[in-house]
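Let's take a look at a protein together, starting with how its strands line up. Have the structure open as you read.

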Amino acid sequence: MPSTWTQSLIELIRRTSADLPRDVEAALRKARRNEKPQSPARWALDTILDNVRLARARGAPLCQDTGTLVFYCEVPFRFDTRRLTPAIRAAVRQATGQGSLRPNTIDPLTGCSCAHNLGAGAPVIHFEFAQRRNVAIRLVMKGGGSENVSAQFSLPDTRLKAGRDLEGVRRCLLAAVAQAQGNGCAPGVLGVCIGGDRATGAECAKRQLLRLLSDHAVEPRLAALERHVLAGAQKLGIGPMGFGGATTLLGVKIGALARLPASYFVSVAYMCWAFRRRGVALGKKGNIKRWLYF
Ligand code: SF4
């Protein structure tokens with residue numbers, strides 16, 4: 001019999017896999033309204049929204065690609081994290097057995113499927129201590145196709161005429177979207193980090209995907225850049241699934257980390273329309289007290 005912790009995490013995985021969060025679905029509906037009737041873009045968004053409805057009704061995975069499972073665990077100070085890793089791994093094992101997750105994790109040396117989606121570094125689990133009473137766990141399922149069009153730039157970039165400033169960052173972000181050309185299953189969302197090193201920048205960029213689509217960066221220059229890049233991306237006309245249209249991106253979320261004088265990285269985590277993100281706050285015994293995204 002799985003522990004209450006594991007049971008709660010199985011439910012988190014099941015719901016994340018089958019039920020798109022409200023803000024993402026609302027953004028897709030808005031995008032559909034903005035496309036011309038009977039256009040390929042409208043048709044693509046109708047198909048996506050049908051898919052969303054069917055997955056929710058049937059409790060079936062939204063996409064055949066399980067994606068990389070990334071768990072973000074926020075725990076109170078003095079919480080013993082040793083109990084969480086086995087609970088998360090047990091939940092992934094069982095959710096795979098139950099069909100909420102397709103077996104989709106590959107051993108890079110043999111090319112064989114790792115049993116139950118468990119492998120070296122899979123799932124990805126981040127821990128963070130915080131001034132809080134209970135444990136909060138957020139899950140992002142990051143599709144492989146969208147990961148393929150994620151990018152990292154090192155400024156200055158003469159090819160893009162991108163210098164070490166926010167205009168240079170803007171050029172990089174639009175270049176990443178133009179290069180994707182709808183691959184990675186547009187309309188997507190950009191998680192971005194300015195600065196850091198190659199590893200922390202990529203991690204910070206992905207972490208931006210925890211933010212709601214409706215929010216804005218607290219730092220006004222980053223908030224302005226978010227708006228600017230979103231507007232610029234829509235003008236590219238790439239559209240849903242690259243069919244052309246008014247909506248190429250659903251959102252842009254930018255964070256920043258300190259950097260060294262020698263380097264200026266711009267890291268981009270491209271998320272597809274199947275933006276599976278959910279979270280739970282858990283009670284002392286691991287019971288679900290509250291859902292963090294609706
Ligand atoms: S990129 Fe996203 S929508 Fe496209 S196949 Fe992968 S998970 Fe599915």
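In which sense do strand E1 (residues 68–76) and E2 pair, and over how many bridges? They run in the parallel sense, pairing over 7 bridges. Two strands count as paired if DSSP finds at least two bridges between them. Along this pair, Glu74 sits opposite Glu128 in E2.

A quick word on where this comes from: this is a predicted model, where local features need pLDDT of at least 70, side-chain atom pairs count only at pLDDT 80 or more, and totals for chains, interfaces and linings use all residues. Residues are numbered from 1 along each chain as its sequence is written.

Now zoom out to the sheet. It is open, with 5 strands in the order E2-E1-E3-E8-E9 and mixed pairing. Strand E2 (124–130) and strand E9 (288–291) are the edges, each pairing on one side only. From one strand to the next, the twist averages 20 degrees (axes are lines fitted to C-alpha atoms, and angles run from 0 to 180 degrees between N-to-C directions).

The protein as a whole has 8 helices and 9 strands; these are DSSP runs, with helices (H or I) of at least four residues and strands (E) of at least two, numbered from the N terminus.

| Property | Value |
|---|---|
| C-alpha box along the principal axes | roughly 55 × 50 × 40 Å |
| Residues that count as buried | 42% of 294 residues |

Buried means that 20 or more other C-beta atoms, placed from the backbone, lie within 10 Å of the residue's own.

Methods
Buried ≥ 20, exposed ≤ 12 C-beta atoms within 10 Å, placed from the backbone.
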